[in-house]
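Here is a short report on one model.

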Amino acid sequence: MSTRTAAVQPTTAVQPTTTDDVPTVTDVPARAPWSAVLPAGSHLTITDLHGNQAVDFLVYDAHDHAVRYSAPDTLQAQGGIFLTTGSVLMSGEHTPLMTVVADTCGRHDTIGGACSKESNTLRYGHHTWSQHACVDNFLAEGARYGLGKRDLVSNVNWYMNVPVEEDGTLGIVDGISAPGLEVTLRAETDVLVLVSNCPQINNPCNGFDPTPVRMTVTPAPTADGAGR
Amino acid sequence: MATTGQTRTTYGARDHARAQQGVRATAMPKVPPPDGLVWAETVAGGGYTHKALARGTELRLADPTGDACAHVLLFVAGRPWERLNAADTVKVQWQAYLGAGHLLLSDQGRVLASLVADTSGRHDTLCGTSTAARNTARYGDGSPHGPSPAGRELFTLAAAKHGLEPRDLPPSLSFFQGVRVEPDGSLEFIGSAGPGTSVTLRAEQPLTVLVANVPHPLDPRPAYTCGPLEVTARRAAPTAPGDPLWDATPEGRRAFENTAEHLTARGIV
């Protein structure tokens, strides 16, 4: 089958893989971006190699980037704030982009958004201004596909733990993930995935120590049942 | 409507059109606005409006019947790539539920508007607005010209009037129909605080404001139910050092300071 997935190097352009129906495995270094175009039916497994590593994540219709992930539509569709197995990542047109088909962590966030240099100055102080942040990863990686600032919206934070108290207080607290835990997504249509392996060092979303994560792209099953 | 014959000619058609002067509708803007106001409009349920507002303007949204739901998007006027960031708004302030004193933050670490008064206390930062697809599933239609318009469709129209496209539309906030998060993470629709509530937003930068008045997406009522929204705005002053709001939280103070630094560098203040 013909697929387009990310190349081995995490920040190189999307390239066609071989025709072999074998998974493509990429380790994304700490603090780095990553992206891939995933055909409908293919699977992406995100492995938290070292535990408690937030993976900021956006997804777009590969053929129309204006159809993109919508955290509000995803919450509406499932009636709750935590993502786990069965959660459908919805677009702003309320159409399914990807589905969580397996999750050994248990719950993930989609209300906390991405860290930015700008919001870091509010959250922690202006001494954090020169630190790297997820929005810069999204902008750098998105630019390779013609995406800009207008195309960034509230994202998914795999492995990030953001409870909401009864009085509305919310915040990023110590994670519930562990080394080797995995979440697997199925593409419901051809999608572009943008990832920032979160570089934040001012809160516990990465255990104050950003680490690599693994991306495994598995081609869609072929008509004769081969592949995965 | 059958023609009366009056509009057969240009002269008759002109007289016919001009004869409409003075007709009043239940949903309409008052132009010019009454004394002391810069904007006065009633937005029907299922309607939308929009305006560019000067820094320091106080925008009041009122729900006379208890069935309005004001979905709001904010952009910096003329620089729309700086816009409301709902995630930063709740995360930076450690608070998911909007109330008096909450700042509506942009993605640039600055304040767009301050929520300076709130008699409702039932709002939503999490669920965004409705879509054509979901309204079609729930009510049979979600098109802007149909009986149950979706918020995103109306935002698309309002945005277009300011040169903006669907990709410019981030997640929105909504006022007057509350949502709460249960301990297990599920979302509970708590609805309205009743008729006669209002919120007042103070523009801390020059703003483009888009408003869609449509049922909350989690409103469980089977019928498309949305009451009128009363919009008024008046000239006032932006929040300044010394205002209790300026120093209410360390995160908010830095947001005001970032805003002041930005506006000063641009020569706006």
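## A charged pair within a helix

This is a predicted model. B:Glu257 has a relative accessible area of 35%, which makes this residue partly exposed. B:Glu257 forms a salt bridge with B:Arg253, with the closest N and O atoms 3.5 Å apart. B:Arg253 is also partly exposed, at 28% relative accessibility. Both residues sit in helix α5 of chain B. They are four residues apart there, so about one helical turn separates them.

## The six-stranded sheet of chain B

Chain B contains an open sheet of six strands. The order is β1-β14-β3-β12-β7-β6, and the pairing is antiparallel. The edge strands are β1 (39-43) and β6 (103-105), each of which pairs on one side only. Direction ignored, neighbouring strands of this sheet are turned by 20 degrees against each other on average.

## The interface between the chains

How much area do chain A and chain B bury between them? The value is about 3,600 Å², and 53% of it lies on carbon and sulfur atoms. A:Gln76, A:Leu122 and A:Arg150 supply 22% of the area that chain A buries against chain B, more than any other three residues. In terms of contacts, 44 residues of chain A meet 43 residues of chain B.

Helix α3 (residues 132-139) of chain B has three buried residues: B:Arg134, B:Asn135 and B:Tyr139. Seen down the helix axis, they fall within an arc of 100 degrees, so they line one face of α3(B). These buried residues pack against α1 (71-78) of chain A. B:Gly140 follows α3(B) and has a positive phi, near 95 degrees.

## Salt bridges across and within chains

Side chains of opposite charge can pair when their charged atoms come close. Over all chains, the structure holds 17 salt bridges. Between chain A and chain B the count is five. One pair that crosses between the chains is A:Arg150 with B:Asp168. Their closest N and O atoms are 2.6 Å apart. A:Arg150 lies in the loop between α3 (134-143) and β10 (156-158) of chain A. B:Asp168 lies in the loop between α4 (151-160) and β9 (173-175) of chain B.

Are the two partners buried or exposed? A:Arg150 is partly exposed, with a relative accessible area of 25%. B:Asp168 is buried, at 2%.

Within chain A, A:Arg186 forms a salt bridge with A:Glu188, and the closest N and O atoms are 2.9 Å apart. A:Arg186 is partly exposed, with a relative accessible area of 31%. A:Glu188 is partly exposed as well, at 30% relative accessibility. In chain B, a network of salt bridges links B:Glu58, B:Arg202, B:Arg234 and B:Asp243.

## A hairpin in chain B

Strands β10 (residues 178-181) and β11 (residues 187-191) of chain B run antiparallel and are joined by four bridges. B:Arg180 stands opposite B:Glu188 in β11(B). The hairpin has five residues between its strands. In this hairpin, B:Gly185 takes a positive phi near 95 degrees.

## Backbone details

Which peptide bond is cis? The bond from B:Val31 to B:Pro32 is cis, with omega near 0 degrees. B:Pro32 is found in the loop between α1 (10-18) and β1 of chain B.

Positive phi values also occur in residues other than glycine. A:His94 has phi near 60 degrees. This residue is found in the loop between β8 (88-90) and β9 (96-103) of chain A. A:His94 is buried, with a relative accessible area of 14%. B:Phe176 has phi near 90 degrees. Its place is in the loop between β9 and β10 of chain B. B:Phe176 counts as buried, at 0% relative accessibility.

Terms used: Residues numbered from 1 in each chain as written. Chains lettered and ligands numbered in written order. Predicted model: local features only at pLDDT ≥ 70, side-chain atom pairs only at ≥ 80, totals over all residues. Heavy atoms only, no water. Buried < 20%, exposed > 50% of the residue type's maximum accessible area, 1.4 Å probe, protein only. Helix = DSSP H or I, 4+ residues; strand = E, 2+ residues; numbered from the N terminus. Arc of directions from axis to C-beta. Contact = heavy atoms within 4.5 Å. Pairing = 2+ DSSP bridges. Axes fitted to C-alpha atoms, helices over the stretch in contact; angles between N-to-C directions. Buried area = accessible area lost by both parts, 1.4 Å probe. Salt bridge = Lys/Arg side-chain N within 4 Å of Asp/Glu carboxyl O.
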